[in-house]
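Hello,

Here is the structure I said I would pass on. My notes on it follow below.

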Amino acid sequence: MLAEIRSGPPDRFILRRISHGGDSTRFAEDVRAGLTATPKYLLPKYFYDELGSQLFEAVCRLPEYYLMRAEREILSRNADEIVASIEGPARIIELGSGSAEKTRYLIEAMLRRQSELHYLPVDISDVSLESSSLELLHIYPRLRITAFVADYFSAIDALAKDSATRRGDARTVVLFLGSNIGNFDPNESRVFLREVRRVLRAGDGLLMGADLKKSARVLVPAYSDALGVTAAFNLNLLVRINRELDGDFNIENFKHRAVYNEELGRMEMYIVSRERQTARMRAIDLEIQLERGETIHTENSYKFDLEQLAAFARDTDFALEKTWFDGARYFSFNLFAAR
């Protein structure tokens, strides 16, 4: 189900909320499935409630978190070249737009070469999405926004079906910034990229961020900072369960853990029980036992080399046309051209 709200500057802003048959029901089902599994897990997409989104923005500004700085370096130096790689006027779809601060480099580059721009951001946080959209509309008078409050796959499905969002012969550039592709395992990444390909025509493009393989000395502090902001971001999942599912998790009885799995080439995040304990979620009539040291897995973040990224492109009807790096070669932006 899709609800449409028009607000902001006249005829320049539409906010679409895509219902999944009850987001609270899905959250409850996923929490039950994860916390009754062996080993226990929670899905990382549920990090991003209002507080979680704000905590992640804070994580991005930490000195240990190199990703934001690397992204800004690449975009500040190469935005015009990136945009020039897509022929003709284009629209932008962004999956996981957040505050859209980094996106401004590309919006400005687009507006330097075309008279107006249609921007279609997608984010699971409606508060973040609406506030960032209204700010962008204020800054860029030649911008028009159709925003989608949805998860990636629901938004892609809506975009693939909704021909009204596409006008004329404009190209489409899908942005998948940050290191979000790393949250999928390799098979899931291919499924995701094939879904993105559904909304693109030959000659359209996907600009995808990908974190690169590097020393654990760099990686681990980026996911376990000295101030404990990443720990708060991780543990906020339990706060959300307490709030939305009438849970009684004692947050002080848990700690954050981040480790680099070199064999699989990924960072792994866990919530760790400090002691033997019981937790209840009254709204779903669930009680679980946790042993001292038992973990709840919350996120993987895979790291890549160029051979892996090229293989993703080949397997999903894309071609890897060009890659841009920061000076330290910690991070990459990759232009996948739809074949």
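**Helix pairs and a few single residues**

Leu51, Gly52, Leu55, Phe56, Ala58 and Val59 of α2 make contact with Val229, Thr230, Ala232, Phe233 and Asn236 of α9. Please keep in mind that this is a predicted model. By class, the α2 and α9 contact has 8 nonpolar and 3 polar residues, with no charged ones. Helix α2 covers residues 50-59 and helix α9 covers residues 229-245; their axes come within 9 Å and cross at roughly 160°. Angles over 145 degrees count as roughly antiparallel, and α2 and α9 are therefore roughly antiparallel to each other. Their crossing is left-handed.

Glutamate 244 is also in helix α9. With a relative accessibility of 34%, glutamate 244 counts as partly exposed. Its side chain is joined to that of arginine 243 by a polar contact of 3.4 Å. Glutamate 244 and alanine 28 are 216 residues apart in sequence, yet their C-alpha atoms are 8.6 Å apart in space.

**Helix α7 and its two partners**

Helix α7 (residues 186-197) packs with helix α6 (residues 152-161) at an angle of about 25°, and the axes are 9 Å apart. The two helices are therefore roughly parallel to each other, and the crossing of α6 and α7 is left-handed. On the α6 side the contact is made by Tyr152, Phe153 and Ile156, and on the α7 side by Val191, Phe192, Glu195 and Val196. By class, this contact of α6 with α7 has 6 nonpolar residues, no polar ones and 1 charged.

The other partner is helix α10 (residues 306-315), which packs with α7 at an angle of about 45°, with the axes 9 Å apart. That angle makes α7 oblique to α10. Here the crossing is right-handed. From α7 the contact takes Pro186, Ser189, Arg190, Leu193 and Arg194, and from α10 it takes Ala311, Phe312 and Asp315. The residues of the α7 and α10 contact divide into 4 nonpolar, 1 polar and 3 charged.

Ser154, Ala155, Ile156, Ala158 and Leu159 are the buried residues of α6. They pack against β2 (13-18), β4 (90-95), β5 (117-123), β6 (143-149) and α7. At the start of α6, a side-chain oxygen of aspartate 151 comes to within 3.2 Å of the backbone nitrogen of phenylalanine 153.

In α10 the buried residues are Leu309, Ala311, Phe312 and Ala313. These pack against α7, β8 (205-211), β14 (318-325) and β15 (331-338). At the start of α10, a side-chain oxygen of aspartate 305 reaches to within 3.3 Å of the backbone nitrogen of glutamate 307. Just after α10, aspartate 317 has a positive phi of about 70°.

**Two buried residues with polar contacts**

Tyrosine 302 is in strand β13 (residues 295-302). Its relative accessibility is 10%, so tyrosine 302 counts as buried. The side chain of tyrosine 302 makes a polar contact of 2.7 Å with the side chain of arginine 266. Leaving aside neighbours within four places in sequence, tyrosine 302 is in contact with Gly182, Phe184, Asp185, Pro186, Asp211, Leu264, Gly265 and Arg266. Tyrosine 302 and asparagine 78 are 224 residues apart in sequence and 25 Å apart in space, C-alpha to C-alpha.

Glutamate 71 is in helix α3 (residues 66-84). At 3% relative accessibility, glutamate 71 counts as buried. The side chains of glutamate 71 and lysine 102 are joined by a polar contact of 2.8 Å. Not counting residues up to four places away in sequence, glutamate 71 touches Lys102, Leu177, Gly178, Phe331 and Phe333.

Regards

Key:
Residues numbered from 1 in each chain as written. Predicted model: local features only at pLDDT ≥ 70, side-chain atom pairs only at ≥ 80, totals over all residues. Heavy atoms only, no water. Axes fitted to C-alpha atoms, helices over the stretch in contact; angles between N-to-C directions. Helix = DSSP H or I, 4+ residues; strand = E, 2+ residues; numbered from the N terminus. Parallel < 35°, antiparallel > 145°, perpendicular 65-115°, else oblique. Left-handed = near helix turned anticlockwise from the far one by under 90°. Contact = heavy atoms within 4.5 Å. Nonpolar A, V, L, I, M, F, W, Y, C, P; charged D, E, K, R; others polar. Buried < 20%, exposed > 50% of the residue type's maximum accessible area, 1.4 Å probe, protein only. Polar contact = N/O pair within 3.5 Å; in protein donor to acceptor, adjacent residues only side chain to side chain.
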